Amino acid sequence: MSVQDDLTNIQRCLDDLSRSMGRLEKQLGSGGLDVRRVRTDADHLRESVALLREAASSPAAPRKPELVSIPDTPYDPSLWIDTDDEGLGARDRHAP
């Protein structure tokens, strides 16, 4: 099965879920928190599948992560004024 076939199948399932949710909302009412939560989750799934479909239709070349060079020079000591040493606390106080 191709990626497009899988995405179409997922879309069909989401359409079925939406129809079922519509029937359920008619029976239970749409004001309940649980019904609204499931409706919101289904909408998020629909948006995510649309993003997947868009990404699959235009596959971009694999990108290399951007490298960030870190200089060998020491950091400016003023960056660490009024900071706590992790696990040690503040410099001018003692642990209890």
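How exposed is aspartate 15, in terms of relative accessible area? In this predicted model, aspartate 15 has a relative accessible area of 28%, and therefore counts as partly exposed, since that class lies between the buried limit of under 20% and the exposed limit of over 50%.

## Overall build

The chain contains two helices and zero strands, and 8% of its 96 residues count as buried. Its accessible surface amounts to about 8800 Å², with carbon and sulfur atoms contributing 57% of that area. Among contacts in the chain with a separation of 6 or more, 57% are made by residues 24 or more positions apart.

Helix H1 covers residues 3-28, and its 26 residues should span 38 Å at 1.5 Å a residue, which agrees with the 36 Å found between its end C-alpha atoms. After H1 comes glycine 29, which has a positive phi, near 90 degrees. Helix H2, made of residues 33-57, has 25 residues and reaches 36 Å from its first C-alpha to its last, close to the 36 Å expected at 1.5 Å a residue.

The buried residues of H1 are Leu7, Leu14 and Met21, and they pack against H2. On the side of H2, the buried residues are Val35, Arg39, Ala42 and Val49, and these in turn pack against H1.

## Arginine 39 and its partners

Leaving aside neighbours within four places in sequence, arginine 39 is in contact with Ser18, Met21, Gly22 and Glu25. One of these, Met21, is itself a buried residue of H1. The side chain of arginine 39 makes a polar contact of 3.4 Å with the side chain of serine 18; the C-alpha atoms of arginine 39 and serine 18 are separated by 7.8 Å, although the two residues stand 21 residues apart along the chain.

A polar contact of 3.0 Å also joins the side chains of arginine 39 and glutamate 25, and the side chains of glutamate 25 and arginine 39 meet in a salt bridge (3.0 Å, N to O). This pair links distant parts of the chain, with glutamate 25 in helix H1 and arginine 39 in helix H2, 14 residues apart.

## The other salt bridges

The structure holds three salt bridges. Another of them joins the side chains of aspartate 15 and arginine 46, at 3.0 Å from N to O; this pair also links distant parts of the chain, since aspartate 15 belongs to helix H1 and arginine 46 to helix H2, 31 residues apart. Like aspartate 15, which is partly exposed, arginine 46 counts as partly exposed, because its relative accessibility is 29%.

The side chains of aspartate 16 and arginine 19 meet in a salt bridge as well, at 2.2 Å from N to O. Here both residues lie in helix H1, three residues apart, which is about one turn of the helix. Aspartate 16 counts as partly exposed at 36% relative accessibility, and arginine 19 counts as partly exposed at 48%.

Val68, Ile70, Tyr75, Leu79 and Trp80 make a nonpolar surface patch of about 620 Å². Tyrosine 75, one of its members, is placed in the segment after H2. Because its relative accessible area is 58%, tyrosine 75 counts as exposed, the limit for that class being over 50%.

Notes
Residues numbered from 1 in each chain as written. Predicted model: local features only at pLDDT ≥ 70, side-chain atom pairs only at ≥ 80, totals over all residues. Heavy atoms only, no water. Helix = DSSP H or I, 4+ residues; strand = E, 2+ residues; numbered from the N terminus. Polar contact = N/O pair within 3.5 Å; in protein donor to acceptor, adjacent residues only side chain to side chain. Contact = heavy atoms within 4.5 Å. Expected span 1.5 Å × (residues − 1). Buried < 20%, exposed > 50% of the residue type's maximum accessible area, 1.4 Å probe, protein only. Patch = residues over 30% accessible without salt bridge, like charges linked within 9 Å, V, L, I, M, F, W, Y side chains within 5 Å. Areas by Shrake-Rupley, 256 points an atom, 1.4 Å probe, with all protein chains shown as cover. Salt bridge = Lys/Arg side-chain N within 4 Å of Asp/Glu carboxyl O.
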